[in-house]
Amino acid sequence: MTSIAYLLAFGLAASTAMTTVAAAEVSPESVIAHYVDIAEAKYSDALQTAKALDQAIENLLANPTDETLQAAKAAWLAARVPYQQTEVYRFGNAIVDDWEGRVNAWPLDEGLIDYVDASYGSESDENSLFSANVIANPTIEINGKTVDASNITPEFISGTLQEAGGIEANVASGYHAIEFMLWGQDLNGNGPGAGSRPVTDYSLENCTNGNCDRRRDYLAAASDLLVADLEEMVANWEEGGAARLAVEESGVAGGLSTILTGMGSLSYGELAGERMKLGLLLGDPEEEHDCFSDNTHNSHRYDAVGIRTAYTGVYTRPDGTEMTGPSLADLLAEKDPAIAEELSADLDATVSAMEAMVDRAEKVEAYDQMIAVGNDEGNATVQAAIDGLITQTRSIERAIAALELGTIELEGSDSLDSPDAVFK
């Protein structure tokens with residue numbers, strides 16, 4: 001049979017081509033098997049790019065120069081591309097959802113980790129560790145207890161600092177903690193410019209802002225921890241791994257429901273709602289996903305690409321090789337060709353809207369400027385991508401009905417469902 005396969009070169013715009021999968025190969029079981037194979041490949045690619053980031057950080061610490069800092073930033077940006085394409089596995093896969101906060105939690109109260117500008121403030125009614133600055137303080141107080149912070153290790157970050165005091169804003173590990181360590185605070189509000197941490201913050205000879213030895217330890221430990229966390233998730237998707245087995249053992253209906261739950265929940269509640277519409281309603285630059293680096297447009301784009309990959313079964317790896325196989329698109333086309341075509345078109349339209357947002361970010365203004373109150377053109381560009389995500393969610397719901405999978409509860413969002421509640 002014939003299906004539409006969407007090919008996206010690594011970091012480039014999407015193009016559409018036709019591919020053929022023999023009808024005998026398209027069974028629910030084969031679709032589910034290909035889904036878990038791509039999951040393993042994506043997490044493996046996320047791991048390899050995290051290892052490249054770790055090496056770039058080692059180079060930075062060995063020789064802190066503007067060049068090595070820029071190389072580390074470039075490695076971080078490259079690492080985000082495959083990782084964001086894995087987020088479609090979060091919803092519907094409890095093992096991934098339970099783990100995700102360790103690597104991609106946001107927003108974070110960066111004063112927990114390092115020095116911040118005076119405009120950040122020194123106290124928060126919600127977070128007693130709002131400005132704890134563990135890099136400057138070898139002891140800190142958590143829930144009334146004095147904690148030894150003299151050795152900054154991966155174990156200390158994951159076991160003590162991450163969500164310290166039970167507060168989600170105390171994000172100490174993962175991509176965004178490393179992002180803060182490389183870029184520093186973005187103090188530009190809705191104006192142009194990202195964070196601008198000086199490389200001398202990592203110099204032992206010409207240290208700026210104090211505690212460069214401990215800052216170096218923190219960055220190295222956070223990078224090592226990211227690699228270890230991704231190694232854990234790769235193992236979960238390998239043959240015999242817990243995440244792979246959970247999908248395989250859930251049966252045909254369970255496996256297909258997992259795929260569609262991930263697509264629909266990321267499309268609607270998480271991406272369209274919490275990551276995009278909320279920031280647009282508030283006009284708040286703090287509500288952008290990659291807020292220190294001004295890379296939010298790319299993170300949103302690759303989330304959308306990951307959603308589409310879960311449907312088409314086509315994944316382009318960082319080295320340019322392409323994985324194809326039996327897909328949900330093929331299966332749905334056999335069941336209801338009209339809905340299959342509708343969903344394909346909607347997914348394509350959303351990625352196109354995301355590409356328009358990326359183009360604006362690269363040529364006109366960053367994402368935090370686009371969502372500013374009063375920026376009608378920027379707001380409209382972001383809203384178009386949100387509209388695309390909402391539209392494709394409705395098609396995903398029709399696909400669920402066509403495949404007779406019963407009721408699947410997708411993530412909602414007050415930002416979309418009850419926007420007035422956002423301001424209460």
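The largest pocket has a volume of about 420 Å³. This is a predicted model, so to set the rules: local features need pLDDT of at least 70, side-chain atom pairs count only at pLDDT 80 or more, and totals for chains, interfaces and linings use all residues. Residues are numbered from 1 along each chain as its sequence is written, and side-chain values use heavy atoms, with hydrogens and water left out.

Terms next. The grid is 1 Å, over the protein atoms alone; a pocket is an open set of points with protein on both sides within 12 Å along at least five of seven lines, a cavity is a set where a 1.4 Å probe fits but cannot get out, and lining residues have an atom within 4 Å of a point. Points are joined across faces, edges and corners, and volume is the space filled by probe spheres set on them.

Back to the largest pocket. Its lining has 18 residues, with R90, A105, W106, P107 and E168 nearest the centre. Helix 3 (94-104) and helix 8 each supply at least two residues. Helices here are DSSP runs of H or I, at least four residues, and strands are runs of E, at least two, numbered from the N terminus. Helix 3 gives the largest share of that lining, five residues. By class, the lining has six nonpolar, two polar and ten charged residues. Nonpolar is Ala, Val, Leu, Ile, Met, Phe, Trp, Tyr, Cys and Pro; charged is Asp, Glu, Lys and Arg; polar is the others, Gly among them.

The peptide bond from W106 to P107 is cis, with omega near -15°. P107 sits in the loop between helix 3 and strand 3 (139-142). One more backbone point: E163 has a positive phi of about 55° and is not a glycine. It lies in the loop between helix 4 (154-161) and helix 5 (175-183). For context, most residues other than glycine have a negative phi, and most peptide bonds are trans.

The second largest pocket is about 260 Å³. Again 18 residues line it, and E110, Q185, D186, L187 and E286 lie nearest its centre. That lining splits into seven nonpolar, four polar and seven charged.

Helix 1 gives the most, four. What about charge? The second largest cavity is lined by eight nonpolar, four polar and no charged residues.

Last, helix packing. Helix 8 (residues 251-282) and helix 9 (residues 296-312) pack at about 165°, axes 9 Å apart. That makes helix 8 roughly antiparallel to helix 9. The axes are lines fitted to C-alpha atoms, for helices over the stretch in contact, with angles from 0 to 180 degrees between N-to-C directions. Under 35 degrees is roughly parallel, over 145 roughly antiparallel, 65 to 115 roughly perpendicular, and the rest oblique.

Against helix 11 (residues 337-363), the axes of helix 8 come within 14 Å and cross at roughly 30°. The two are therefore roughly parallel. M263, L271 and M276 of helix 8 meet L343, L347, M354 and M357 of helix 11, where contact means heavy atoms within 4.5 Å. That contact has seven nonpolar, no polar and no charged residues.
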